Amino acid sequence: MNNRPFSSTWLVAGFALLTGCVLLASCAKKEEPPLPIFGEREVEGKDTIYHTIGDFKFVDQDSATITNDTFKGKIYVADFFFTSCRTICPIMKTQMLRVYDSIQHDPQVKLLSHTIDPKYDTVGLLHDYADRLGVKSDIWHFVTGKQEDIYKIAQTSYFATAMEDKGEVDGFIHSGAFLLIDKERRIRGKYDGTKEDDVNRLMGDIARLEKEYVTK
Amino acid sequence: MSQNKVEPQRRKGAKENAKRFALALRLGAFAVQTALLLACTPSKTDAPKTLPDGSPKFQQYYVHGEELYLRYCSNCHQKNGTGLARLYPPVATSDYVDKNKDAVICLIRNGKSGTLIVNGISFDKVMQPIPALTDIEIAEIATYLYNTWNRHEGIVEVQHVSKVLTSCDTIPQ
């Protein structure tokens with residue numbers, strides 16, 4: 001019996017199979033890593049507890065009550081602004097409108113803009129603002145509430161600066177950040193809402209985050 | 001430009017390399033010198049874009065006006081002057097801006113509230129006044145507005161602006 005050709009055939013086949021596996025594995029590895037999870041975390045036994053957005057209850061431009069449950073099973077983008085602001089807010093809203101245009105037909109994603117000037121920004125004013133911006137209230141919620149509640153959730157949950165400051169041009173200081181929140185109330189991205197490039201990154205990250213839920 | 005010319009020449013034959021390199025360097029230096037000279041001499045040719053009026057005064061108004069526009073106006077009205085939806089009216093293609101130069105001069109200083117129809121669309125957000133702007137700065141912004149986006153109305157003189165600003169109450173908005 002001549003064993004040699006037989007064994008070499010198997011050797012080649014085996015090698016090909018191995019190469020295939022390696023290639024496949026390397027292709028699988030090329031998939032993008034999951035987005036980071038922001039904030040402090042605690043490890044309790046096998047579980048890691050991440051920073052999450054605290055409970056909130058606000059009112060939107062349609063006088064509807066908006067709570068965490070409004071965003072149950074949704075991804076959302078949050079920011080802080082006020083309608084009479086002339087500095088960074090109009091730029092933020094120009095950029096958020098781009099985000100709106102990209103997600104308006106995607107039921108998975110919502111937008112949440114908090115006014116940090118609730119004394120001036122009444123429900124009626126927010127309604128007019130949203131209407132003039134030409135956006136739908138079930139996709140983009142403009143909310144108002146107690147000033148201290150809004151400032152507290154900004155600082156402690158979203159790590160965004162928001163406070164009154166009479167020394168500032170329009171009377172407030174606040175960050176221009178857009179925050180990407182996942183379905184587990186965790187912060188998965190922070191973006192400069194005044195920079196077109198950073199907002200492009202946000203739109204890419206929304207798609208990435210949605211993929212995480214598809215593969216689960 | 002001159003640097004790019006040096007590179008391909010260096011890669012050529014080995015013999016005359018040094019000679020050519022020296023020549024290219026000299027040429028490069030000359031080009032840089034010329035460019036510097038041109039840049040430092042105010043002339044029509046080195047203006048960033050074709051301006052309707054090449055006079056130094058116009059250019060000063062226009063260039064400073066653009067800076068001021070970007071600092072005080074473009075957040076809402078956008079860099080390209082298109083405005084934003086029905087929130088902030090456009091200033092580029094705008095029948096209101098076209099027809100109401102004096103009123104525009106006044107509202108830059110004093111702000112504007114109430115309904116404003118621009119291109120047939122109703123706007124109704126308050127525009128805050130910008131009291132910090134001086135007469136000459138308003139003249140510069142107006143010069144920018146009225147010589148950009150297909151407008152070629154020439155310089156808006158500060159004397160005119162000062163006169164208009166004293167009589168804003170009487171100007172129909």
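Hi everyone, a definition to begin: a helix crossing is left-handed if the near helix is turned anticlockwise from the far one by less than a right angle, and right-handed if clockwise. Please keep in mind that this is a predicted model, where local features need pLDDT of at least 70, side-chain atom pairs count only at pLDDT 80 or more, and totals for chains, interfaces and linings use all residues. Residues are numbered from 1 along each chain as its sequence is written, with chains lettered from A and ligands numbered from 1 in the order in which they are written.

Let's go to chain B. The axes of helix H5 (residues 101–110) and helix H6 (residues 135–145) of chain B come within 10 Å and cross at roughly 130°. The crossing of H5(B) past H6(B) is right-handed.

Who makes the contact (C-beta atoms, placed from the backbone, within 7 Å)? From H5(B) come B:Val104, B:Ile105, B:Ile108 and B:Arg109, and from H6(B) come B:Ile138, B:Ile141, B:Ala142 and B:Leu145.

Now follow B:Ala142. Leaving out residues up to four places away in sequence, B:Ala142 touches B:Val104, B:Ile105, B:Val156 and B:Val161. The largest nonpolar core has 75 residues, and B:Ala142 is among the four that touch the most other members, along with A:Tyr76, A:Val77 and A:Leu179. Such a core is a set of buried Ala, Val, Leu, Ile, Met, Phe, Trp, Tyr and Cys residues joined through C-beta atoms within 7 Å, buried being 20 or more other C-beta atoms within 10 Å of a residue's own. Helix H2 (residues 89–103) of chain A gives the most to this core, seven residues.

Technical notes
Axes are lines fitted to C-alpha atoms, for helices over the stretch in contact, and angles run from 0 to 180 degrees between N-to-C directions. Helices (H or I, at least four residues) and strands (E, at least two) are DSSP runs, numbered from the N terminus. Two residues are in contact if their C-beta atoms, placed from the backbone, lie within 7 Å. A residue is buried if 20 or more other C-beta atoms lie within 10 Å of its own, exposed if 12 or fewer, and partly exposed in between; C-beta atoms are placed from the backbone.
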